Each structure stands twice: as structure tokens, then as C-alpha cells.
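Morning, everyone. Please have a look at it first.

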Amino acid sequence: MENAAIPKPGEWPIDPQTDVKISKHRIWVDGCFDFAHHGHAGALLQARRLGNELLVGIHSDEEIMENKGPTVMTLKERVAAVDACRWSTKSVPYAPYVTSLPWISHYGCQYVVHGDDITSDSSGEDCYRYVKAASRFLVVKRTPGISTTDLVGRMLLCTKNHFIRSLLKALAGEEGSESPEERKRLGDEMSQRIRDYATDETGLQPGPQVLSWAGSRAVMEDHASEETGTFRTLANGKSPHQGQRIIYVDGGFDLFSSGHIEFFRQVAIAEEAIGHENGWYEDSNKDYGPAYIVVGVHDDEVINYWKGVNYPIMNIFERGLCVLQCRYVNSVIFSAPFTPSKAYLINIPYGIPDAVYHGPTSFMPLTYDPYAAAKALGVYHEIGNHDFQNVNAGEIVQRILKSREMYEERQRAKGEKAATEEAVQRREAMEQEASRLEKDRAANS
């Protein structure tokens, strides 16, 4: 018998407060959604393709602690991440850890979708036992190779074997220690995943455009070289509409989180305000916004050059997919240069950007102004402070280290190798060395 509390009208976490007629086209997914990694996005994409609406239940911090262990991200941060996923119709916070029939029925969902792995509560029982017994459970394939547990392990053990030297070579099956046949299979799967994530809110039609950029290592890392580079299409999507402003932003977007998402959202809001000023919304025939937001994502080696330790925690493929699934993004450029030079900006296939935005904080230890070209072109803009401005990869790693014992216990429960005291000390030493290098660079700049 279910023991989840059934809210009374007026007490449901989000509207509607009255029961919705159940539809087989309305799908329910629930989970912790700790870290906005592409595995979660993949599950939402597969679920969205099974219906016309996707409601996402998100468990509270307290219920997750009781059943699984500590969360890294707060409920507010996790809700922001789910809300930003292109395939999510609505998020439902405080959803029961054991999926409840009255809850999914209240919100009008006929089916619950989950991956092909087993999720248990604190008593060891299947979290989906009630919906399975009611024949209202559908299974989708779990995204391999990525999970919150994997990412926590990378932080605690300070590993680098997740780095990708060349995304294009990885996609072509030319990078990695596996056999040629296995590399080819993995490359094909990665290419397909990029195409899958480059879909619209239905998950079925073309969505964002996906490009890659290739240039010399020098121009990838520093600001001294002017180089056009070469753009290549990885997934065809929707091109800019006539009259849309081309907006460019870039970054590492490591451990993609509410800080990155809120920055994208604020860029969209700023452009909407400009659209109102310019009369964009007076034309009722336009079913698209006034801005086309292009996001450049830096290579692993570029980020590690500047930040050291084992950053980025997510490799470029993982980070790019996280950006690609975000509803505020219209195009992604993999392997974008660290400094958007004039030569790079004027050769972006969509035309010279109307605006280049930068956020209120920088996780990278900069010793020069990477946006000098954008400023010289008169297109540079900044986004001010916001609620999630301090949520970045460094902050998330510190959260893990401060509560290391609890997270190690969670790792052991998942059958993962726990970090030794020596490994943690090594990470702390590497963080200190990276900080010293930052100060040296700043002194020499």
C-alpha cells in the first residue's frame, strides 16, 4: 500500500490544484536530477518522444538524503536545470521518492518512464513497484558512460582519463585505446547522440544547429594569434530567421549547472527586451524569438591549460551535449577558441554577431581580456549578478570535498571505488598548485 502523502487541493507543489484528465500522451518522469548531465537529458528526450507533454517530478533534498545519500545540488538548483531542458514541459518539485499513482494521476499522466536500471528506496524495494503493478510503466534505455556517481568519482579520484584530445577524431573513431572496431562503434554512437540532442522540443524535428571549429593549438589557447579556422557542420538544424539578432557566448560550461543556465536565460531576457524596443513582437506571424543564441564550447586541453588539476570534470562531448539540450540555445560550436578574435567572430557562418555576452563571474583565471575584439567591434555586453552566479565547477567540487565522507559512502553503496585520504590530499595539493600558477600568470601579465 502506498504511503506517500496525497496533497489536498491548494497544497499540490505546482498548479493545477484540481485533478487533470489522464492522457496517454502525457508522460511522467521522476528522479533526483543531481547534476544536469547529458544522461538525465537523454532520459527526458526518450520520454518526451513517447508523448506530447513531459512532466518531471523532482525529489526533495530530504527524501534523497533518506533514501540515497546527500545531493550535491539544492532542490532550487535542480529544478532550474530541469526547467531549462528543451524536452521538459513542466517540473514538479517535492515528488515522492517512491513513485505514487495518485500523484501521476493528479497531473494527468497515464505512463511513467524510467531507464532500464533498478532504483530502490531505503528499504531496498523497487521505487516503481506501484506503477508497474498498475501497468503504467515504460522503460527506456539508460544513457551509458555518464552518471552523477561517475562525476563524483572523477572529482574524488582526480582522474583525467575522460579527456578527449580531438572531438572530431573521437567521432571518426580515430581516438581512444579501444580496438579500431570498438572506436568506430563508439564514434558512431557519439555522432548519433549529437544528432538526437539537436532536436526541437518534441525530440522529433530538427532543432539547434551543431558546428565544430578547428584551428591551431596556439589560437585555441591564447590571444596573440588571428586565425580564421575551419567550421564544420555536425548536425543540421534550424538556421537563423531573417531579422534575428545573432548572439554569441562562450565558455567551458563544466559540470553544467544553474549558474550557466541562468546566464543563458538572462541573455535571452536581455534580447527579448531589445526585441520589444524594436517592435519585434508587433508581428504576430513570427513564431520565433528575436535572438539566435550561439554557444561556443572550449576543448578539454584548453580548459586544463588554464585551470589545471583535472578540470574539466566533464569532457567536451559531455559538456557540449549539456549545452545542446538547453532550451535557450539555438546553436553550439564545439572546440571554440578560448579567445573569440576578430578573425573568428567575422567568420562565424551566421554572420558577425550582433552581440557577444559575458557573465558576472569567470571560473577561468584570466590574465588578459579575451573579449577585446568584441569590445573593439562594439558588440560586447555583460550580464549582471544573479541568484546562481557562484554556482560553477569549482564551487561544486568544493561541495563534494567538504562532505567527502558522505559522498564516499554513497559511492561505496553504488559499488564504486572510494577515494583514499592520499587521493584527496593529492587533489588539494593540485588545487593549491593551480592557484599558485594563477597568481604567477596574473603577476606576469
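Just after helix α10, G279 takes a positive phi of about 80°. Helices here are DSSP runs of H or I with at least four residues, strands are runs of E with at least two, and both are numbered from the N terminus. Before going on, a word on the source: this is a predicted model, where local features need pLDDT of at least 70, side-chain atom pairs count only at pLDDT 80 or more, and totals for chains, interfaces and linings use all residues. Residues are numbered from 1 along each chain as its sequence is written, and side-chain values use heavy atoms, with hydrogens and water left out.

Buried means under 20% relative accessible area, exposed over 50%, and partly exposed in between, with a 1.4 Å probe and protein chains only. The buried residues of α10 include I261, F263, F264 and V267. The buried residues of α10 pack against α3, β8, β9, α12 and β11. Contact, by the way, means heavy atoms within 4.5 Å.

Now α3, residues 75-84. Of its 10 residues, 8 are buried. Among them are L75, E77, R78 and V79. The partners of the buried α3 residues are β2, α2, β3, α10 and α15.

Next, the whole chain. It has 17 helices and 12 strands. Of its 445 residues, 54% count as buried. Take the contacts with a separation of 6 or more: 77% of them join residues 24 or more positions apart.

On to the core. A nonpolar core is a set of buried Ala, Val, Leu, Ile, Met, Phe, Trp, Tyr and Cys residues joined through side-chain atoms within 4.5 Å. The largest one has 81 residues, and F256 and F264 are among those touching the most other members. F256 touches residues including A36, I261, F264 and Q325, setting aside those up to four places away in sequence. Another core, of 21 residues, lies apart from the largest one and includes C127 and Y128.

The search finds 4 cavities of 30 Å³ or more.

Last, two prolines. P240 sits in the loop between β7 and β8. P240 is partly exposed, at 27% relative accessible area. Beyond its neighbours within four places in sequence, P240 contacts I246, Y292 and Y350. P349 is in the loop between α13 and β11. P349 and F231 are 118 residues apart in sequence, yet 7.8 Å apart from C-alpha to C-alpha.

Technical notes: 1 Å grid on protein atoms, 1.4 Å probe; cavity = no way out; pocket = protein on both sides within 12 Å on 5 of 7 lines; lining within 4 Å. Points joined across faces, edges and corners; volume = space filled by probe spheres on them.
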